[in-house]
Amino acid sequence: MTGSNRTAAVAARLRRLDAGTIAALVADLWAARGYETTRDGARVVAATDGSAVVVRVGRGADERPPDVVVSLGGRDPAPPGGRVVDATDLAEMLLYAVDGPTTGALCTRYLGGPPEALAPSRGVRDRLAGFGAWRLARPVVGRRGARIAVLIVAVAALVGVLSWGGAPPAAPTGETGALSGGVDTPAAVPSATTTPATRAAAVPGLAADGVANLTALAAAHERGLAAGSFTAWVDRYYTRTDGTRVQRDVDVAVTADRSLTVVTVEDDGGQTTVLAVYDDGEARYAAEPAADRYRRLDPGESVEFGVPGPTTLRREVVARYLSTPTTRVSGAVTRDDETAYRVVGTGPPSVPALDGVRNYSVVALVDERGVVRELTARYVPAGDDATPVRFEVTFDRLDATRVEPPFWYLRRFADDATPTTGE
């Protein structure tokens, strides 16, 4: 199960829990993150180093407004000066803000099993099977012999399990104040253990206290991806002006001589594959299934929907999203004998593409080679009517990604000496 699908499966289980159980989970989760927690019904107070944050599950008439409202459906309003945590946010925190054993213990206690044992939702299963409505995963025999290939539209379903998953949110902060009452921390939940962050100085471009040389880090990221194959999942979550929540997925598989990109948009109307681009090493081909349009792209021709190419993913992600005025290394996580350092950045990035954004924050997991394995940025774009955006990118299957020619390419272009547009 990939990182994004594991998050979706955990979020689906969280939505089934009642408010009291969610409050108990919140208290245990914040405690595992190093806070002293006290719970009173649906209200949890978490304190550390003289500061406290109040978390409430759902709406409530409290004497002091909460700092964080946990609203699994995302429909409750944000408290004054605070924020709303929806099911996906809480799932990400549960999966990635603590170490693996703690995640497993909490998921088993509250959700009935460890993350890998939780079945994905029907929507996720549909996505793995072929990105919803565009189901072209069937065999094709080319006219040049008995060559058989199967479309791999669901790049996220390539063989293998995502190592790092989604990037964790930063720890919450709140007002200073004293606490009364006991600590609601179950002994069965293991304490979080991480690799000392001081070792981050051995990573190109990093220091023990943050990003020391962004150019060096970006170059290390590019080197780590340029040497072989990789898979990237790029997700953007936002709200349209009519209030519709949208998830836009760009899934990319890259090898030395091929690449396949699939763009899917999910909103209240369901999930739609809007574009696929295949590069066979000599030319690029685009498919727009909704319009039944298939064509060979001219050299250098851009396509709609802002599709990032392999070169963009290698060269621009780090320099763009981690160019914040302040950064810090907040810890390290070791899984499967690999270590990644958690880098947190705040403040507006110094790049034209993100000029004028507000409330910008970014969290990245950087491995020991300098490859940014996970990055999550949250911000409000420039403009009076802009709504918050969450941008996520995951790099995985390094040196282990395979790309097969898609069905539509084999049928329309592979056996033609001079490919044509359309049928």
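A residue counts as buried under 20% relative accessible area, as exposed over 50%, and as partly exposed in between (1.4 Å probe, protein chains only). The model described here is predicted: local features need pLDDT of at least 70, side-chain atom pairs count only at pLDDT 80 or more, and totals for chains, interfaces and linings use all residues. Residues are numbered from 1 along each chain as its sequence is written, and side-chain values use heavy atoms, with hydrogens and water left out.

Helices (H or I, at least four residues) and strands (E, at least two) are DSSP runs, numbered from the N terminus. Two strands pair if DSSP finds at least two bridges between them. An open sheet of five strands runs in the order E1-E2-E3-E4-E5. Its pairing is mixed. Strand E1 (36–40) and strand E5 (83–85) form the edges, each pairing on one side only. From one strand to the next, the twist averages 25 degrees. Axes are lines fitted to C-alpha atoms, for helices over the stretch in contact, and angles run from 0 to 180 degrees between N-to-C directions.

Within this sheet, strand E2 (residues 43–48) and strand E3 (residues 51–57) are antiparallel and share six bridges. Val45 has Val54, in E3, as its bridge partner.

Two helices pack on the sheet; contact here means heavy atoms within 4.5 Å. Helix H2 (residues 19–32) touches E1, E2, E3 and strand E4 (68–70). The direction of H2 makes about 165 degrees with that of E1. Helix H3 (residues 87–96) touches E4 and E5. The direction of H3 makes about 75 degrees with that of E5.

Helix H4 covers residues 100–111. The expected span of a helix is 1.5 Å times one less than its number of residues. Buried residues of H4 are Thr102, Thr103, Gly104, Leu106, Cys107, Tyr110 and Leu111. Just after H4, Gly112 takes a positive phi of about 95 degrees.

The structure holds 19 salt bridges. A salt bridge is a side-chain nitrogen of Lys or Arg within 4 Å of a carboxyl oxygen of Asp or Glu. One of them joins Arg109 and Asp28 (3.5 Å, N to O). Arg109 lies in helix H4 and Asp28 in helix H2, so this pair ties together parts that are 81 residues apart in sequence. Arg109 is partly exposed, at 36% relative accessibility. Asp28 is buried, at 4%.

The side chains of Arg390 and Asp89 meet at 3.8 Å, N to O. Because Arg390 lies in strand E20 (residues 389–396) and Asp89 in helix H3, the pair ties together parts that are 301 residues apart in sequence. Glu92 also forms a salt bridge with Arg390, the closest N and O atoms being 3.8 Å apart. Arg390 is buried at 8% relative accessibility. Asp89 is buried at 9%, and Glu92 is buried at 2%. A network of salt bridges links Asp89, Glu92, Arg378, Arg390 and Glu392.
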